[in-house]
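Let's take a walk through a protein model together. Keep the sequence beside you and follow the residue numbers as we go.

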Amino acid sequence: MLSEETIAQIAAELAEADRTHAVIPRITARYPEATVEDSYAIQGVWRDTQIAAGRRLVGRKIGLTSKAMQQATGITEPDYGVMFDDTVHESGAEIPVDHFSNVRIEVELAFVLKKPLEGPDCTLEDALEAIDYAVPALEVLNSHIELEGRTIVDTISDNAAYGAMVLGTVHRRPDEIDLRWVPGVLSRNGEIEETGVAAGVLGHPATGVAWLANKFHQHGARLEAGEIILAGSFTRPMWVSRGDDVLCDYGPMGTVACRFV
């Protein structure tokens with residue numbers, strides 16, 4: 001376990017890297033003894049400093065929700081980070097690529113809660129009952145830690161590599177559509193790069209919402225009404241650069257587009 005002083009120092013490094021759009025050396029290379037608990041503590045200190053500076057928390061992102069990504073990182077459960085109001089964009093947005101580091105795009109569904117959700121025994125059915133609606137979303141990944149050799153400890157510390165999200169305009173209640181079969185066809189500059197289906201996220205994209213509620217219960221917390229939960233990608237990350245036009249077709253849930261400038 002890392003000392004409180006070390007945790008605060010790493011959180012300050014990450015805050016500065018976020019401010020300057022820089023990349024820092026791997027935490028696990030410098031502190032090989034760091035644990036997953038340490039990484040959430042680092043994220044928590046960083047989060048609290050952002051809130052103290054005036055940013056408003058609007059939701060949570062869930063990552064590592066596919067078997068392939070879990071196997072790649074050697075972890076057997078998802079991870080999570082926080083999302084602030086200034087990171088939410090509407091479809092069609094122009095996104096400055098210089099605001100991020102190691103910029104990639106993932107295809108996801110987001111859920112907006114209509115009532116609080118808490119563990120310890122939250123089920124998929126409980127999550128579906130608490131969800132107001134689903135909306136298609138693109139997640140912009142933003143990694144402030146060097147990628148080579150990176151572990152789950154590095155990623156969680158870095159707010160689970162969350163940078164921003166772009167939300168679509170089609171809203172569907174969970175009883176209006178079988179969310180497992182929502183498709184995602186992701187294109188860059190008119191060329192299809194990735195495809196997937198939402199069932200790739202833990203068998204059902206809302207399963208992660210129940211997992212997160214149970215995880216929060218361990219810390220004496222719950223998910224609140226109005227929060228946005230970004231549920232995890234059902235495609236591989238796609239690298240983007242300045243000038244790229246990105247479009248994802250979600251079939252019955254419409255399209256989401258953005259341009260990197």
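Start with threonine 20, which you'll find in helix α1. Helices here are DSSP runs of H or I with at least four residues, strands are runs of E with at least two, and both are numbered from the N terminus. Threonine 20 counts as partly exposed because its relative accessibility is 37%; buried means under 20% relative accessible area, exposed means over 50%, and partly exposed is in between (1.4 Å probe, protein chains only). Histidine 144 is 124 residues away from threonine 20 in sequence, yet the two are 9.9 Å apart in space, C-alpha to C-alpha.

A quick word on the ground rules. This is a predicted model, so local features need pLDDT of at least 70 and side-chain atom pairs count only at pLDDT 80 or more, while totals for chains, interfaces and linings use all residues. Residues are numbered from 1 along each chain as its sequence is written, and side-chain values use heavy atoms, with hydrogens and water left out.

**More single residues**

Threonine 6 also sits in helix α1. Is threonine 6 buried or exposed? It counts as buried, because its relative accessibility is 16%. Its C-alpha atom is 9.8 Å from that of aspartate 38, which is 32 residues away along the chain.

Methionine 1 belongs to the segment before α1, and with a relative accessibility of 68% it counts as exposed.

| Pair | Apart in sequence | C-alpha to C-alpha |
|---|---|---|
| Methionine 1 and threonine 35 | 34 residues | 6.3 Å |
| Threonine 195 and valine 185 | 10 residues | 4.6 Å |

Now look at the loops. Leucine 64, in the loop between β1 (57–63) and α4 (67–73), has a positive phi, near 55 degrees, and it isn't a glycine. Leucine 64 is buried, at a relative accessible area of 12%.

Alanine 161 has a positive phi as well, about 60 degrees, again without being a glycine. You'll find alanine 161 in the loop between α6 (152–157) and β7, buried with a relative accessible area of 6%.

Then there's proline 120, in the loop between β5 (104–113) and α5 (124–130). The peptide bond leading from glycine 119 into proline 120 is cis, and its omega is near 20 degrees.

**Rings**

A pair of aromatic rings is described by the distance of the centres and the angle of the planes. Rings of Phe, Tyr and Trp (its six-membered ring) pair if their centres lie within 6.5 Å; planes under 30 degrees apart are stacked, over 60 edge-to-face, and the rest tilted. How many aromatic pairs does this rule give? The count is four. One aromatic cluster is made up of Tyr40, Tyr80, Trp211 and Phe216.

Another ring has a charge over it: arginine 104 lies over the face of tryptophan 239, 5.1 Å from the ring centre. To qualify, NZ of Lys or CZ of Arg must be within 6 Å of the ring centre and within 35 degrees of the ring normal.

**A pocket**

Which residues lie nearest the centre of the second largest pocket? They are Asp18, Arg55, Thr87, Asn142 and Gly163, out of 24 lining residues. The elements giving two or more residues to this lining are α1 (4–20), α3 (36–52), β2 (79–84) and β7 (162–167). On a 1 Å grid over the protein atoms alone, a pocket is an open set of points where a 1.4 Å probe fits, with protein on both sides within 12 Å along at least five of seven lines; lining residues have an atom within 4 Å of a point.

**A record entry**

Finally, UniProt, in an unreviewed entry, places the feature "domain: Fumarylacetoacetase-like C-terminal" at residues 76–260. Such annotations may be inferred rather than shown by experiment. In the model, that span is 13% helix and 37% strand, and its end C-alpha atoms lie 33 Å apart.
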